Amino acid sequence: IETYGRGCRLHTRGGVFEDSTSIGVFEQKLAGRAFFRIHKSYLVNLDFVAALFPWHGSGFALTLSGFEKEVLPIARGQLKALREYVGF
């Protein structure tokens with residue numbers, strides 16, 4: 001899920017859908033599931049992480065299975081929480 005205008009774009013294997021709901025609302029609705037807010041603009045399903053790698057200096061990014069061409073940055077403030085969440 002990515003922010004887009006005043007709402008979000010939901011990227012799925014079935015296509016891309018736009019919704020006027022904010023990313024914060026999606027984050028709350030998906031709490032307790034395998035979704036994690038990696039950046040102010042991105043909420044990802046961790047079950048689909050294909051790769052996690054160093055990116056641009058001391059930053060990190062990831063790609064998702066089925067969307068490998070899209071590199072999603074991980075906010076520096078979220079990296080520690082992500083590591084704790086996935087146990088690496």
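Contact here means that heavy atoms lie within 4.5 Å. By that rule, and leaving aside neighbours within four places in sequence, F36 is in contact with Y42, L43, V44, L46, Q78, A81, L82 and Y85.

This is a predicted model, in which local features need pLDDT of at least 70 and side-chain atom pairs count only at pLDDT 80 or more, while totals for chains, interfaces and linings use all residues. Residues are numbered from 1 along each chain as its sequence is written, and side-chain values use heavy atoms, with hydrogens and water left out.

F36 also belongs to the largest nonpolar core, which has 12 residues, among them Y42, V44, L46 and L82. A nonpolar core is a set of buried Ala, Val, Leu, Ile, Met, Phe, Trp, Tyr and Cys residues joined through side-chain atoms within 4.5 Å, where buried means under 20% relative accessible area (1.4 Å probe, protein chains only). Strand 7 gives the most to this core, with 3 residues. A second, separate core of 6 residues includes I23, F26, L30 and L43.

The largest pocket has a volume of about 440 Å³ and is lined by 18 residues, of which I1, H11, T12, L64 and F67 lie nearest its centre. A pocket is an open set of points on a 1 Å grid over the protein atoms alone, where a 1.4 Å probe fits, with protein on both sides within 12 Å along at least five of seven lines, and lining residues have an atom within 4 Å of a point. The volume is the space filled by probe spheres set on the points. The lining divides by class as follows.

| Class | Lining of the largest pocket |
|---|---|
| Nonpolar | 10 residues |
| Polar | 5 residues |

Note on methods:
Ala, Val, Leu, Ile, Met, Phe, Trp, Tyr, Cys and Pro count as nonpolar, Asp, Glu, Lys and Arg as charged, and the others, Gly among them, as polar. Buried means under 20% relative accessible area, exposed over 50%, partly exposed in between (1.4 Å probe, protein chains only). Helices (H or I, at least four residues) and strands (E, at least two) are DSSP runs, numbered from the N terminus.
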